[in-house]
Amino acid sequence: MKKKGIAVFFKNKQGEEVYYGDYKRSPKELNEYFGGKGEPSIAKGGVLKPFDNTIQPKDGNWTITASKPVLKNCPAGLEKQMDNLVLPKSGNKVFKKPFDGTEILPAGTKWLTLSPNVYRGLILTETQPTFKSIYDLKVITPSLMEGNLNVFVQIPGQKTCEVKIDFSYKN
């Protein structure tokens, strides 16, 4: 049986985005640990309450445009495999109300609401090498979303390979 925890996201003093699963602290303790007053915004069932004034993307035909992948510390030949990465697909979309990102990527992607109109999707695998995919998405208008995909590949004995792809999603 797997332990349940809370996904924690923050920027460290170097400005790097860090995330981890906290298995020891309660939501109240985490809120206090990171400078809050111990009153996290939690609804029944342990789900974060939605933010007010969120932008609802329009239903309809959406088109994805992606930049060329930027690779750092990656083995030769990996760039050719980037076509296999999962990005949002162009096509007709009908979005849940309120929007939460689940229609953007395949089932199984866990989405977090970071702030109004800003979402993070996580795909974590337990394979060797270890792949972590993080999707950051911002709803700009009802007809425009922008984001990026960051993939981290941890290969034993090597520096972590990082891949970044920026994308826009338009209706």
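User: How many helices and strands does the protein have?

Analyst: The protein has 1 helix and 10 strands, where helices (H or I, at least four residues) and strands (E, at least two) are DSSP runs numbered from the N terminus. Along the sequence they follow the pattern β-β-α-β-β-β-β-β-β-β-β. Residues are numbered from 1 along each chain as its sequence is written. Because the model is predicted, local features need pLDDT of at least 70 and side-chain atom pairs count only at pLDDT 80 or more, while totals for chains, interfaces and linings use all residues, and side-chain values use heavy atoms, with hydrogens and water left out.

User: What describes a pair of aromatic rings?

Analyst: A pair of aromatic rings is described by the distance of the centres and the angle of the planes. Rings of Phe, Tyr and Trp (its six-membered ring) pair if their centres lie within 6.5 Å, with planes under 30 degrees apart counting as stacked, over 60 as edge-to-face and the rest as tilted. The structure holds 4 aromatic pairs. In one of them the rings of Trp62 and Phe95 have centres 5.6 Å apart and planes at 85°, so the pair is edge-to-face. Trp62 lies in strand S3 and Phe95 in the loop between strand S5 and strand S6, 33 residues apart.

User: Is Trp62 buried or exposed?

Analyst: Buried means under 20% relative accessible area, exposed over 50%, and partly exposed in between (1.4 Å probe, protein chains only). Trp62, at 0% relative accessibility, therefore counts as buried, and Phe95 is buried at 3%.
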